[in-house]
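Me: I've got a model open and would like to talk through how it is put together. Could you take my questions one at a time?

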Amino acid sequence: MSTASQPTALIKTEVLYTGLFLLGLIAPFAIYPTFLMKLFCFALFASAFNLLLGFAGLLSFGHAAFLGTAGYVCGLMVRDVGVTPEIGILAGTVCAGLLGWVFGILAIRRTGIYFAMITLALAQMVYFVVLQIKATGGEDGLQGVPRGHLFGLIDLSDNIAMYYLVYAVFSVGFFIIYRTIHSPFGQILKAIRENEPRAISLGYDVNKFKLMAFVISASLAGLAGATKTLIFQLASLSDVHWHTSGEVVLMTLLGGLGTILGPAVGSATIVTLQNELADKVGSWVTVIMGTIFVVCVLAFRRGIVGEIQALIQRAGIR
Amino acid sequence: MEIFGVPSALLGSQLLVGLINGSFYAVLSLGLAIIFGLLNIINFAHGAQYMMGAFIAWLALTKLNINYWVALIAAPMLVGLFGVILERTMLRKLYKLDHLYGLLLTFGLALIIEGIFRDQFGISGESYEVPEALAGGINLGFMFLPIYRAWVIVASLTVCFGTWYMIEKTRLGAYLRAGTENSQIVQALGINVPLLITFTYGYGVALAAFAGVLAAPIFQVNPLMGSNLIIVVFAVVVIGGMGSILGSIVTGIGLGLIEGLTRVFYPEASAVVVFVIMVIVLLLRPAGLFGKAA
Amino acid sequence: MTVKKLISVACTAALATLSAGAQAQISGGVVKIGVLTDLSGTYSDLAGSGAVLATKMAVEDFIAKEKPNFKIEVVSADHQNKADIASNKAREWFEREGVDTATELVTTSVALAVMKVAKEKERIALMSGPASTPITNEQCNDVTVHYTYDTYALANGTAKAVTKQGGRSWFFLTADYAFGQALEKDAAAVVTANGGKVLGSVRHPFPGSDFSSFLLKAQSSGAQVIGLANAGADTTNAIKQAAEFGITPTQSLAGLLMFITDIHSLGLRTTQGMYLTEGFYWDLNDETRAWSKRFFGVQKKMPTMVQAGQYSSVYHYLSAIKAVGTDDTKKVMAQMKKMPINDFFAKNGTIREDGRMVHDMYLMQVKKPSESKYPWDYYNVRQTIPAAEAFQPLSQSRCPLVKK
């Protein structure tokens with residue numbers, strides 16, 4: 001692509017994002033809002049995950065820990081302490097960030113598969129803690145979390161009001177990710193992913209950058225988890241189970257690793273599939289998910305968005 | 001006699017039980033370690049393949065009336081063959097890519113295999129009786145040791161150390177080890193490395209199935225029997241140092257013993273103790289107990 | 001496959017009732033029953049497609065026998081044991097698809113989540129599968145019926161009977177999370193109240209697979225009875241390994257939450273002599289046998305109490321609608337609580353104000369292999385526990401709806 005065409009490409013992207021943003025504003029009048037809210041939560045979760053895998057090259061197999069912990073913290077704060085929803089979400093996000101910092105310190109010393117295994121094991125510890133302490137309700141889950149009033153004013157039990165809160169949370173989260181990727185910090189992350197020794201020799205404190213990326217990713221995953229708790233008014237063990245960690249990998253992979261919109265597209269596809277398949281195929285859900293995984297890895301590694309981008313690029317060259 | 005307020009008889013029996021579990025960990029983590037050593041892939045389907053081993057033994061007994069001893073040999077071979085097919089048709093395509101894709105592929109495979117078994121056999125599981133010759137038990141004074149459990153220790157240690165001997169002391173093992181170090185040079189020496197890789201994956205998978213057959217009479221044979229166990233085994237491999245053959249065996253047994261002790265002194269923590277140890281080990285020795293520093 | 005076939009059966013059944021009539025009182029002109037169950041996970045044998053089948057059977061029988069002047073439709077979905085999927089589905093059903101009742105709902109997390117949605121939308125939740133007592137206690141509401149059983153009934157029945165029959169000293173093997181601990185607490189109270197003694201307990205991680213160390217502890221306690229305060233694969237593995245270590249038959253085991261599917265998968269050789277409490281057994285009398293054989297014809301498995309209870313609850317619900325001539329939640333609930341339940345599943349069953357359906361329970365002892373004459377011949381009925389004794393008395397209820 002020549003440098004001359006870049007401004008137009010930039011304008012095109014801006015038009016695309018503005019269009020998508022407006023679409024999101026009117027969507028709840030066409031599509032079932034609760035479903036949309038769930039979709040946005042997972043889109044944010046997957047985007048946060050992608051920040052780590054797609055742009056820093058670190059595969060965390062324990063991201064459910066952040067989603068779940070934030071969900072439980074937010075739920076407990078809102079239900080038992082009685083804070084307003086925005087404080088609950090904030091508390092959940094901060095806790096997830098702190099947990100991310102602890103995970104990060106332990107995990108970033110290794111890379112690749114080692115990193116994945118360590119995050120998996122740490123997340124497993126979180127799972128046991130959540131299962132066993134009284135406050136979380138064990139297998140019953142944390143139930144009956146009130147949606148409450150935003151800033152003490154706006155009643156969130158109204159689905160449309162809740163939708164716009166979720167949409168705002170998603171947009172902010174997504175914007176943070178977008179900015180992070182396009183900032184100098186994001187560029188350094190990419191440099192580390194491509195060639196770590198080189199980045200070190202250029203004088204970057206690689207571990208510090210990785211840790212920071214991990215904390216941001218964990219916090220945003222937490223943001224998604226805390227919001228999810230408010231939507232469904234519950235947090236349950238499946239949020240912290242390693243299957244959820246696997247699911248987010250699948251979403252990102254399917255949508256397009258290292259693309260900005262990919263994780264959102266991937267999670268939308270998976271959540272829709274799960275929703276639609278629920279009444280149709282019964283026990284074959286996991287088999288279908290597994291097959292998507294295998295097909296993605298073998299034949300479709302760029303993911304949906306990645307393939308589309310490649311198509312556009314090829315058309316542009318021609 | 002008491003040790004820390006625990007009767008020594010109970011302590012002894014718990015250590016023995018720990019040793020039994022440790023043998024399982026050892027066989028499973030050995031399989032993972034061998035695969036990782038040569039293919040650089042964490043085989044997420046290991047738990048599913050372990051489950052397949054157990055199910056094949058059960059199917060063989062109930063549908064075809066094939067006894068335990070035949071199944072002990074045949075099931076690993078069948079599952080190993082299945083592994084060879086997987087390697088030839090799928091894993092092979094991924095070697096040039098980031099190793100993480102191997103992990104993701106096998107994760108997907110695990111989902112498929114478990115899903116199919118669940119659909120076919122339901123979730124409650126099936127019962128596999130202890131073979132006639134190994135039924136009953138011996139009274140050791142401090143505990144009643146089922147003969148079958150003793151057999152598990154003997155069988156798994158034999159297989160573990162046999163494998164270790166093969167890798168460390170034979171020509172085939174030398175090729176394997178060389179392949180792990182630098183596959184291009186080995187290839188240049190005229191050794192068929194792709195075949196070696198296929199064989200290795202098949203053997204690692206067969207080990208998982210072997211553990212599955214061993215487990216069938218002890219645990220309820222059900223489609224999810226491997227999915228929780230495998231996470232613990234991953235931790236064992238990480239602690240031992242990935243790719244280290246002897247490391248995986250020793251760590252497997254050692255962690256089984258430690259888990260057994262935890263069950264005496266603080267049973268609530270026995271599920272997390274392996275992960276706690278993992279964190280400590282990684283803080284002190286990032287490459288694992290027996291791993292080479294990265 | 002079976003599920004798909006069943007759906008088509010129900011559709012034809014629904015079409016058959018197109019007959020015109022006074023449908024003004026039925027919202028949307030059709031009574032829509034949603035079966036939200038676990039079709040793929042841990043509880044799929046216990047409830048799952050069998051529960052969907054039972055629902056279809058109830059609808060078919062109801063149409064054939066009662067000739068209602070309203071249409072009935074059945075929809076089903078897999079909640080995959082995830083509370084958020086369940087709550088999402090239930091909301092969608094209530095808000096957009098005009099579903100009148102969400103039924104089955106196995107797994108407590110799912111049940112608690114859906115009953116809250118049902119309350120919010122003023123629809124009915126009929127629970128056959130879930131076990132936990134909070135459903136009719138702290139969390140109770142006036143749109144929920146807890147139909148088949150609960151942990152209190154099972155633990156209570158088994159612990160009481162075993163203690164009374166001479167199992168005086170107990171040791172508990174408890175799954176280390178809220179559910180297991182609650183089960184242990186309930187059972188231990190019953191044991192002490194009946195003159196027994198609890199020698200101790202050991203908590204095992206959940207889920208566990210190897211129970212030998214915990215069993216050895218239980219063995220060294222010298223207790224006559226080892227109470228298994230866990231469920232599913234944990235229970236079956238513990239039973240299997242207890243036999244392996246020669247703990248049974250010297251000490252006996254009491255499963256506090258077990259189902260016929262567990263006995264079926266473990267086999268009689270391992271489980272013989274065990275006591276357990278059930279709300280239903282296919283081989284109780286001619287009525288249960290007739291129904292169960294019809295069920296077996298399609299499912300190729302005998303029904304569990306959850307599946308039989310599912311049939312009964314749906315039939316009762318439809319009868320109530322016919323009686324009041326509307327599907328209005330308040331009126332239907334009032335009618336359901338007013339009418340006694342009399343069918344193959346329950347005799348003189350009643351629904352209390354806390355939503356608990358109380359009916360006779362049965363204390364079973366698992367047969368010896370030599371006593372079992374035909375497939376699924378598993379139990380000797382040792383005692384019928386009368387409804388009044390089987391469930392937690394209202395006086396102990398922690399449900400705010402109960403006026404004291």
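Me: How many bridges join strand 1 of chain C to strand 3 of chain C?

Reply: First, some ground rules: this is a predicted model, where local features need pLDDT of at least 70, side-chain atom pairs count only at pLDDT 80 or more, and totals for chains, interfaces and linings use all residues. Residues are numbered from 1 along each chain as its sequence is written, chains are lettered from A and ligands numbered from 1 in the order in which they are written, and side-chain values use heavy atoms, with hydrogens and water left out. Helices (H or I, at least four residues) and strands (E, at least two) are DSSP runs numbered from the N terminus, and two strands pair if DSSP finds at least two bridges between them. Strand 1 (residues 30-37) and strand 3 of chain C run parallel, with C:Gly34 opposite C:Ala102, and the number of bridges joining the two strands is 4.

Me: In what order do the 5 strands of the open sheet in chain C sit?

Reply: The pairing in this sheet is parallel. Its edge strands, each pairing on one side only, are strand 2 (71-78) and strand 5 of chain C. The order is 2-1-3-4-5.

Me: Which residue stands opposite C:Met127 in strand 5 of chain C?

Reply: Strand 4 of chain C pairs with strand 5 (residues 144-146) of chain C in the parallel sense, over 3 bridges. In strand 5 of chain C, the residue opposite is C:His146.

Me: What is the handedness of the β-α-β crossover from strand 3 to strand 4 of chain C?

Reply: Strand 3 (residues 101-104) and strand 4 of chain C run parallel, joined by 4 bridges. Between these strands the chain passes through helix 4 (residues 108-121) of chain C. A crossover gets the label if, with the strands pointing away from the viewer, the path from the first strand over the helix to the second runs clockwise. This one is right-handed.

Me: Are the residues of strand 4 of chain C buried or exposed?

Reply: Buried means under 20% relative accessible area, exposed over 50%, and partly exposed in between (1.4 Å probe, protein chains only). In a regular strand the side chains alternate between the two faces of the sheet. Here C:Ile124 and C:Leu126 point one way from strand 4 (residues 124-127), while C:Ala125 and C:Met127 point the other way. All of them are buried.

Me: What radius of gyration does chain C have?

Reply: The C-alpha trace of chain C spans about 70 × 50 × 35 Å along its principal axes, and 66% of its 404 residues count as buried. The globule rule is 2.2 Å times the number of residues to the power 0.38, with the radius of gyration taken over C-alpha atoms. For 404 residues a compact globule would come out near 22 Å, so chain C agrees at 21 Å.

Me: And what is the radius of gyration of chain A?

Reply: Chain A contains 13 helices and 2 strands, and its C-alpha trace spans about 55 × 45 × 40 Å along the principal axes. Buried residues make up 59% of its 318 residues. A compact globule with 318 residues would have a value near 20 Å, so chain A agrees at 19 Å.
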